[in-house]
Amino acid sequence: MKNILLKIEFYFLRFPLLPLLVVIIETLIKRTLWLWGRIRFGALIKNRGLGCVCHWGVDLKYPENIYLGQRVVIGVRSSLGAHSPIYLGDHVHLSRDVHLETAGLDYNRNLPPYPHISKSITIEKGVWIGSRATVLGGVHIGEYAIIAAGAVVTKNVPAFAVVAGVPAKIIKISKTRD
């Protein structure tokens with residue numbers, strides 16, 4: 001039975017118009033999801049500037065606490081957990097899989113359940129955050145800073161700084177925008 005199904009699949013996939021049909025269907029699905037993402041983003045994020053782009057698969061927790069400047073780009077599979085406010089300035093770019101999380105647990109208590117604590121995140125204009133980076137609550141990132149891929153930012157980052165690592169450390173600070 002398996003061999004019969006494999007032969008049917010083999011001959012079906014050799015049909016000359018099948019690749020064209022696959023491309024057409026894939027394009028329709030992508031365009032539909034793009035449109036859905038725009039509608040969903042517009043409905044959920046009321047506090048945003050013009051030209052903001054958010055992938056349809058972004059996880060938005062407490063969207064009423066998210067404030068976006070002009071032309072903010074939020075990449076695929078990013079997550080914005082805004083228990084406290086998240087402020088993104090103009091021209092901020094979040095690459096794919098970036099996590100901004102304002103809430104955490106207060107481990108100072110001896111026994112569980114640990115209470116939640118929450119602090120805001122502020123990211124100034126022109127900041128670029130690399131793929132799979134995490135920014136935790138209470139962090140302020142200065143303008144035109146660069147957060148390297150995979151970095152975990154737990155402390156404030158000055159303007160024009162490049163940070164990387166776990167926890168993130170300053171690699172370089174340029175005095176002016178290059």
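Phe-15, Leu-17, Leu-20, Ile-24 and Leu-28 make a nonpolar surface patch of about 510 Å². The model is predicted, so local features need pLDDT of at least 70 and side-chain atom pairs count only at pLDDT 80 or more, while totals for chains, interfaces and linings use all residues. Residues are numbered from 1 along each chain as its sequence is written, and side-chain values use heavy atoms, with hydrogens and water left out.

**Surface patch**

- Patches are made of residues with over 30% relative accessible area and no salt bridge, with like charges joined within 9 Å and nonpolar side chains (Val, Leu, Ile, Met, Phe, Trp, Tyr) within 5 Å.
- Phe-15 lies in the loop between helix H1 (2–13) and helix H2 (18–44); helices (H or I, at least four residues) and strands (E, at least two) are DSSP runs numbered from the N terminus.
- Phe-15 has a relative accessible area of 46% and is therefore partly exposed, a class between buried (under 20%) and exposed (over 50%), with a 1.4 Å probe and protein chains only.

**Five-stranded sheet**

- Strands of a sheet pair through backbone hydrogen bonds, either parallel or antiparallel.
- An open sheet is formed by five strands in the order E2-E5-E8-E13-E16, with parallel pairing; two strands count as paired if DSSP finds at least two bridges between them.
- Strand E2 (59–61) and strand E16 (152–153) are the edge strands, each pairing on one side only.
- Three bridges link E2 in the parallel sense to strand E5 (residues 79–81), and Asp-59 stands opposite Ser-79 in E5.

**Strand E17 and its partners**

- Strand E17 (residues 161–164) has Ala-161 and Val-163 on its covered face, and Val-162 and Ala-164 on its uncovered one.
- Two bridges join E17 in the parallel sense to strand E15 (residues 146–147), where Ile-147 has Val-163 as its bridge partner.
- E17 also runs antiparallel to strand E18 (residues 169–173), joined by four bridges, and Ala-161 stands opposite Ile-173.
- The hairpin of E17 and E18 has four residues between the strands, and Gly-165 takes a positive phi near 105° there.

**Nonpolar core**

- The largest nonpolar core has 33 residues, of which Leu-80, Leu-88, Leu-100, Ile-129 and Ile-141 touch the most other members; such a core is a set of buried Ala, Val, Leu, Ile, Met, Phe, Trp, Tyr and Cys residues joined through side-chain atoms within 4.5 Å.
- Strand E3 (66–68), strand E6 (86–88), strand E11 (121–123) and E17 each supply at least two residues of this core.
- Leaving out residues up to four places away in sequence, Ile-129 touches residues including His-93, Leu-100, Ile-141 and Ile-147, where contact means heavy atoms within 4.5 Å.

Conventions. Areas by Shrake-Rupley, 256 points an atom, 1.4 Å probe, with all protein chains shown as cover. Salt bridge = Lys/Arg side-chain N within 4 Å of Asp/Glu carboxyl O.
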